[in-house]
Each structure stands twice: as C-alpha cells, then as structure tokens.
Amino acid sequence: QFSALTEVLFRFLTEPREVERFLTQLSDFATMNKISLGPLKSIVKSILLVPNGALKRNLSSEQVRADFIALGLSEEKASYFAEQWKVHSPTLTRLAVGQTLMINQLVDMEWKFGVTAGSSELEKVGSIFLQLKLVIKKGGQMENVYIELTLPQFYSFLHEMERVKTSLESFS
Amino acid sequence: MAAVREGELAALQSLLKAPSKDAVRQLCRECFSSPAAGLGPLAQRACPGLAASPEEAEQLVSALHSLTRHVVYRGLTRAEDILSLFPENFHQNLKNLLTKIILENLSSWRNEAQASQISLPRLVDMDWRVDIKTSSDSISRMAVPTCLLQLKIQEDVALCGNSPVVSALTVELSKETLDTMLEGLGRIRDQLSAVANK
C-alpha cells in the first residue's frame, strides 16, 4: 500500500508537469483504499516537502531516511522511501538543474543560405549570404532574432563555437 | 535609379572650370557616395567655383551621381563602354579624365554598394564566456558549466543612414544546446563546401 503511494509520488516528482495524471492517480488510490481524498492530499503535501527539501540541500539517501524516521515514519517505510530516492535522484537532480535560472536561453536555431543575385545598386552580384534565425526564451516568451552573416563571419563563428565546446568539456 | 539621360551628361562640362584633376576626383567620389536625397548640400559647395548658378550646380552634381551609379550598376569595366555613354560632342579630355577616375574607383564603389545593400540585421561582433553555475534556488550545490554568448547586431544599414544602431544580444547556451548548434553549423559548412565544389 505504502509502496503504491510512493510510486505515485515519485512518478509525479520525476515528471512535474503531469499534474493531471498525478491527481487522477491519487484519487484512484483513495478510492481503492477507501480513504477520503482531502486528508490524503494534505498527507501527500507534507510528504512531498521532504524530497523537495532534500533536493535543495543535496541530501544523501541516508539523510532522507533519517529525516523520515525523525518525522515519525516506521523504519521499514523510511528505508523503502530512501531506496526509491537513491534510484530517482539523478533524474530529480537533473530536473532541478534544468529549472535553474537561464538568461535568454537559446532554444532553437534555423538557417538558410543562398546567393544574392542582384540589387538596386548592382545589377549582378553573386555573393553568398547566410541567414540565421535564433529562437530565444526571454522570461516566459519566445523571441525570434534574425541575423545575416557573410561567409568569413560564419567560419570564424564556427571556430569560436568549437573553442567554447572545448572549454565546456574541460569543465564537465 | 540607374538610367542616365543623354542631356544630363552635358551638364558635366561645367567640370571644365574645376581648379584641378583632384578636385574633379573628389567631387566624383562624393557624388557617388551620397544618396540621391543628399545631393543638395554637395551642389551648394560646388556652386561658387564650378557653376554659374544653383541650377547648374544641381544639374552637375546630379549628372555625376547618375553616371557613377549607372556604371557601377551595369558593372561596366571597359573604358570603351564608359566612353560610349557620353554624348557626341563632349569635350574629349574631360571625357577621358572622367572615365579614368571612374575606372580607378570602380572596385571600391562596388564594395560600398554591396555593403549598403538591404539585408537582415547583420552580425558585427561576437564574444563569449564560460561560467560554472555552483548553486541556485532549486539546488544548493552543483557544478554546471554554461556558455554566455554576446552577439553585436547592426540593424539594416540602409535604414540607419549614417548612424547605425548596434544592439547587443546576450544568449545563454547549455552544453546540450551548444552541441546541437555545432551539429547544425557543421552541416552548413558541409553544404557550403558541396556548393563551392560544384
């Protein structure tokens, strides 16, 4: 019974957007075990505080278990929860890092390149242009930025980005 | 924009009054570089020395502007082509001088025309920095490297005239985003070399 509830909890923690599903599963659990939904919800809320706090403070599974025991949970249940925690913590940590503030995050990049055939000043041109569309997340909204690069600029941009990659890799 | 009318070029004969060949050269350059709307002040400066009246000055400046722009537009590179633009009884030496000046300046004028083409905002400069995120409100200890990229973008030159607006855009990229971006850039490079080799 406890393990079923734990499963539901962890599924929600690892996929925090699936709120609907979480609520449906909770009410299913309530009906199956003949508990009313209201008190179940408040219990679940308090239980959820523990993993969230643990994540913020980078607690090990040992410490999570100790916390639960201090809160009055039986040893068996606390150990089970701590085990589940150990299993899921990489995913949960990754999610927390993903939630960390990012300024103007680059979300997508589209490009096209072509040849300028002519213009109002020059009848025949024949020069290559590269156009990039960067999709940037500013606060909650997406913003599109369009830029044009010449060929030499493109090559030096590529070169710089490769240097960034080397730098990032040396720090991971 | 680039058509030259026969009658127009006759106005160029006012240049015979110019103090020196360099003065003519200078005026040619200024007339080419100035947009059609900016020829007024140029005409005023030419007036006392070269032209008897403001109308003559305006005609002179406008003719020079049309002539130089026309040559650059059509991409004429041979002296004969340029000489053939002048009317029949045009002063011989002046014709040769003007042709010579135009040919001298042709490639730099072509570059100038290309640089002032309409285009999407152009990348002018880029800088980057790698930071390591050590903690945040959602997780207290971590060591996640991230890249901050600053792009300096200049709005369309034609719209800004002489005071181009340069804006700086700072973008953050995670390692995954950078890898995907590099993949895309690599594909562009491959396609570019495929096109170049055809």
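Q: What does the secondary structure of chain A come to?
A: This is a predicted model. In it, chain A has six helices and three strands.

Q: In what order do the elements of chain A run from the N terminus on?
A: The order is α-α-α-α-α-β-β-β-α.

Q: And how many helices and strands are there in chain B?
A: Chain B has eight helices and three strands. Along the sequence its pattern reads α-α-α-α-α-α-β-β-α-β-α.

Q: How much of chain A counts as buried?
A: Chain A has 172 residues, and 38% of them count as buried. Its accessible surface is about 10200 Å². Carbon and sulfur atoms hold 55% of that surface.

Q: What about chain B, how much is buried there?
A: Of its 198 residues, 44% count as buried. Chain B exposes about 10500 Å², with 52% supplied by carbon and sulfur atoms.

Q: What share of the contacts in chain B with a separation of 6 or more comes from residues 24 or more positions apart?
A: In chain B that share is 58%. For chain A, the corresponding share is 41%.

Q: Helix packing now. At what angle do α2 and α3 of chain A pack?
A: Helix α2(A), residues 19–32, and helix α3(A), residues 37–56, pack at about 125 degrees. Their axes are 10 Å apart.

Q: Why is α2(A) called oblique to α3(A)?
A: Because of that angle, α2(A) is oblique to α3(A). An angle over 145 degrees would be needed for roughly antiparallel.

Q: Which residues make the contact?
A: From α2(A) come A:F22, A:L23, A:L26, A:S27, A:F29 and A:A30. From α3(A) come A:L37, A:L40, A:K41, A:V44 and A:L48.

Q: How do the residues of that contact of α2(A) with α3(A) divide?
A: Nine are nonpolar, one is polar and one is charged.

Q: Left-handed or right-handed crossing for α2(A) and α3(A)?
A: The crossing of α2(A) past α3(A) is right-handed.

Q: Next pair. At roughly what angle do α4 and α5 of chain A cross?
A: Helix α4(A), residues 61–70, and helix α5(A), residues 75–99, cross at roughly 150 degrees. The axes come within 8 Å. The two helices are therefore roughly antiparallel.

Q: Who makes the contact there?
A: On α4(A), the residues are A:S61, A:V64, A:R65, A:F68 and A:I69. On α5(A), they are A:E75, A:A78, A:S79, A:F81, A:A82, A:W85 and A:K86. By class, that contact of α4(A) with α5(A) has seven nonpolar, two polar and three charged residues.

Q: And the handedness of α4(A) passing α5(A), left or right?
A: α4(A) passes α5(A) in a right-handed crossing.

Q: Over to chain B. How do α2 and α6 pack?
A: Helix α2(B), residues 21–33, packs with α6(B) at an angle of about 35 degrees. The axes are 10 Å apart. This crossing of α2(B) and α6(B) is right-handed.

Q: Which residues of α2(B) and α6(B) meet?
A: α2(B) brings B:K21, B:V24, B:R25, B:C28, B:R29, B:F32 and B:S33. α6(B) brings B:L97, B:L98, B:K100, B:I101, B:E104, B:N105, B:W109 and B:E112.

Q: How many of the residues in the contact of α2(B) with α6(B) are charged?
A: Six are charged, with seven nonpolar and two polar.

Q: Loops, then. Where does A:N104 lie?
A: A:N104 is in the loop between α5 and β1 (105–116) of chain A. Its phi is positive, about 45 degrees, although A:N104 is not a glycine. Most residues other than glycine have a negative phi.

Q: Is A:N104 buried or exposed?
A: A:N104 is buried, because its relative accessible area of 17% is under the 20% cut-off.

Q: Where is B:S116 placed?
A: B:S116 is in the loop between α6 (92–115) and β1 (122–133) of chain B. At a relative accessible area of 32%, B:S116 is partly exposed.

Q: How far apart in space are B:S116 and B:D156?
A: They are 8.4 Å apart, C-alpha to C-alpha, and 40 residues apart in sequence.

Q: Last one. Where is B:R78 found?
A: B:R78 is in the loop between α4 (54–74) and α5 (79–83) of chain B. B:R78 counts as partly exposed, with 46% relative accessibility.

Key: Residues numbered from 1 in each chain as written. Chains lettered and ligands numbered in written order. Predicted model: local features only at pLDDT ≥ 70, side-chain atom pairs only at ≥ 80, totals over all residues. Heavy atoms only, no water. Axes fitted to C-alpha atoms, helices over the stretch in contact; angles between N-to-C directions. Helix = DSSP H or I, 4+ residues; strand = E, 2+ residues; numbered from the N terminus. Parallel < 35°, antiparallel > 145°, perpendicular 65-115°, else oblique. Left-handed = near helix turned anticlockwise from the far one by under 90°. Contact = heavy atoms within 4.5 Å. Nonpolar A, V, L, I, M, F, W, Y, C, P; charged D, E, K, R; others polar. Buried < 20%, exposed > 50% of the residue type's maximum accessible area, 1.4 Å probe, protein only. Areas by Shrake-Rupley, 256 points an atom, 1.4 Å probe, with all protein chains shown as cover.
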